[in-house]
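Let's walk through this model together, one pairing at a time.

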Amino acid sequence: AIAAGCYHSVALRSDGTVVTWGSSENGQESDTPTCGGFIAVACGDWHSVALRDDGTVVTWGCNSDGQRDDAPTCAGFVAIA
């Protein structure tokens with residue numbers, strides 16, 4: 001899966017890791033998680049979201065409107081968009 005934000009992109013690799021490229025003005029690339037276990041990815045304009053195989057969500061990038069700090073901390077999610 002590949003998702004595109006305003007100036008960055010994120011891709012899900014077959015081993016469950018994610019790769020990002022493009023702008024890192026707000027941490028879109030530099031804050032990319034280095035662990036595996038992801039099953040889906042999505043992007044906003046300046047942030048990215050990834051769903052882990054345990055149903056938790058990981059976010060990185062811009063936090064100007066709570067995109068990171070307000071992310072849910074519970075499990076049980078099955079999809080992201």
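Start with Phe38, whose bridge partner in strand 5 is Arg52. Strands here, like helices, are DSSP runs numbered from the N terminus, with at least two residues (E) for a strand and at least four (H or I) for a helix. Two strands count as paired if DSSP finds at least two bridges between them.

A quick word on the ground rules. This is a predicted model, so local features need pLDDT of at least 70 and side-chain atom pairs count only at pLDDT 80 or more, while totals for chains, interfaces and linings use all residues. Residues are numbered from 1 along each chain as its sequence is written, and side-chain values use heavy atoms, with hydrogens and water left out.

Back to that bridge: strand 4 pairs with strand 5 (residues 47-52) in the antiparallel sense, over 5 bridges. Zoom out and you get an open sheet of 3 strands, in the order 4-5-6, with antiparallel pairing. Strand 4 (38-43) and strand 6 sit at the edges, each pairing on one side only. On average, neighbouring strands of this sheet are turned by 20° against each other, direction ignored; the axes behind that angle are lines fitted to C-alpha atoms (for helices, over the stretch in contact), and angles run from 0 to 180 degrees between N-to-C directions. In general, strands of a sheet pair through backbone hydrogen bonds, either parallel or antiparallel.

Strand 1 (residues 2-4) pairs antiparallel with strand 2 over 3 bridges, and a hairpin of 3 residues joins the two. Look for Ala3 there: its partner in strand 2 is Val10. On to strand 3 (residues 18-22), which runs antiparallel to strand 2 and is joined to it by 5 bridges. Across that pairing, His8 stands opposite Gly22 and Ala11 opposite Val19. The hairpin of strands 2 and 3 has 5 residues between the strands, and in it Gly16 takes a positive phi near 85°.

Is strand 2 enclosed or open? Since 5 of the 5 residues of strand 2 (residues 8-12) are buried, it is largely enclosed by the rest of the structure. Buried means under 20% relative accessible area, exposed means over 50%, and partly exposed is in between (1.4 Å probe, protein chains only). His8, Val10 and Leu12 point one way and Ser9 and Ala11 the other, yet all are buried.

Two of those residues, Val10 and Leu12, turn up again in the largest nonpolar core, together with Ala3, Val18, Phe38, Val41, Ala50 and Trp60, for 8 residues in all. Strand 2 and strand 4 are the elements giving two or more residues to this core. A nonpolar core is a set of buried Ala, Val, Leu, Ile, Met, Phe, Trp, Tyr and Cys residues joined through side-chain atoms within 4.5 Å.

Finally, the segment after strand 6 (57-61), where you'll find Gln67. A polar atom of the Gln67 side chain lies 3.1 Å from the backbone nitrogen of Ser64 and another such distance, 2.8 Å, goes to the backbone nitrogen of Asp65.

Methods. A polar contact is a pair of N or O atoms within 3.5 Å; within protein, one must be able to donate a hydrogen and the other to accept it, and residues adjacent in sequence count only if both atoms are side-chain atoms.
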